[in-house]
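Dear colleague,

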Amino acid sequence: VRQLAPRFDTIIFTKYVDNPRAVDPDELRDHLELLFDRPAHVVHDPVSAWKQARRLAHSSDLIVITGSLFLVGELRELLLDEHKESARCPGMAMPG
């Protein structure tokens, strides 16, 4: 958190749903708030976190997913489907 937070305007904490070793996103947000004056959100499932990120982002913003490969794997199908949809309908604006 200490290394990444200064590089982003907004941070959304979530966790891989089926990992009992995952750090509680609320703990990460609390830690961030002690270190930085930065907006942070907690969304307890990755798909909803992705949707929140899309709503908060402007069309020119970069959304970064970081954490475990399990988390990225959990979102992979959703991201691929969105990519296919945008390629199929290039004039259609993606939500965000």
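D26 is partly exposed, with a relative accessible area of 23%, where partly exposed lies between buried (under 20% relative accessible area) and exposed (over 50%), using a 1.4 Å probe and protein chains only. This is a predicted model, in which local features need pLDDT of at least 70 and side-chain atom pairs count only at pLDDT 80 or more, while totals for chains, interfaces and linings use all residues. Residues are numbered from 1 along each chain as its sequence is written, and side-chain values use heavy atoms, leaving out hydrogens and water.

The side chain of D26 meets that of R29 in a salt bridge at 3.5 Å, N to O, the term meaning a side-chain nitrogen of Lys or Arg within 4 Å of a carboxyl oxygen of Asp or Glu. The two residues are three apart in helix α1 (residues 25–35), which separates them by about one helical turn; helices here are DSSP runs of H or I with at least four residues, numbered from the N terminus. R29, partly exposed at 22%, also forms a salt bridge with E33, with the closest N and O atoms 3.9 Å apart, and E33 is itself partly exposed at 47%. Together with D30, the residues D26, R29 and E33 are linked in a network of salt bridges.

Elsewhere, R54 and E82 form a salt bridge through their side chains at 2.6 Å, N to O. R54 lies in helix α2 (residues 46–56) and E82 in helix α3 (residues 69–88), so this pair ties together parts that are 28 residues apart in sequence. R54 counts as buried, at 16% relative accessibility. The search of the whole structure found four salt bridges.

Best wishes
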